[in-house]
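Good morning, colleagues. I would ask you to look at the model on the screen while I speak.

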Amino acid sequence: PVRTAKFITRNHWLVAGADDKMIRVYNYETLKVIKCFEGHSDFIRSLTVHPILPYVLSASDDKLIKLWNWQEDWVNVQVFEGHNHYVMQVLFSPKDTNTFASASLDGTIKIWNLDSNWPQSTLKAHEAKKELIAL
């Protein structure tokens, strides 16, 4: 299935990520595919569009976040590593467009800067409760 889709209104595009590991870019006025490429090695969970620069971030079950530049034919310009489980969501900060956050099934939210491949900080968002049931 398609798990995420975002508008890039300045180009009249819709970008989508799916379980087939592909990122597809459509012109939403003509309904034509502009670009289709393998974005990750596992399911793509989330996409976010940079508010100013020609960038899209993608997050995946491969535990990676990737930065794509559409002005350079969707070249992958950076890979962000640091999560220990699927990355479920990624979002640029509305106050600082050089900063973004990611949420993962590893129970953390990580704050990143586009200038570094590693997270600036990590917040513990969830502790899995483990219970032993005896029969």
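I shall describe a sheet and then some of the salt bridges.

This is a predicted model, in which local features need pLDDT of at least 70, side-chain atom pairs count only at pLDDT 80 or more, and totals for chains, interfaces and linings use all residues. Residues are numbered from 1 along each chain as its sequence is written, and side-chain values use heavy atoms, with hydrogens and water left out.

Four strands form an open sheet in the order 1-2-3-4, with antiparallel pairing. Its edges are strand 1 (2-8) and strand 4 (33-38), each of which pairs on one side only. Strands here are DSSP E runs of at least two residues, numbered from the N terminus, and two of them pair if DSSP finds at least two bridges between them. Strand 1 is joined to strand 2 (residues 13-18) by 6 bridges; Ile8 has Trp13 of strand 2 as its bridge partner.

I turn to the salt bridges. The structure holds 4, each defined as a side-chain nitrogen of Lys or Arg within 4 Å of a carboxyl oxygen of Asp or Glu.

Lys35 and Asp73 meet at 3.2 Å, N to O. This pair links distant parts of the chain, 38 residues apart: Lys35 is in strand 4, and Asp73 is in the loop between strand 7 (65-69) and strand 8 (75-80).

Which residues are buried in the salt bridge of Arg45 and Asp61 (2.6 Å, N to O)? Both Arg45 and Asp61 are buried, that is, under 20% relative accessible area with a 1.4 Å probe, protein chains only.

Key. Buried means under 20% relative accessible area, exposed over 50%, partly exposed in between (1.4 Å probe, protein chains only).
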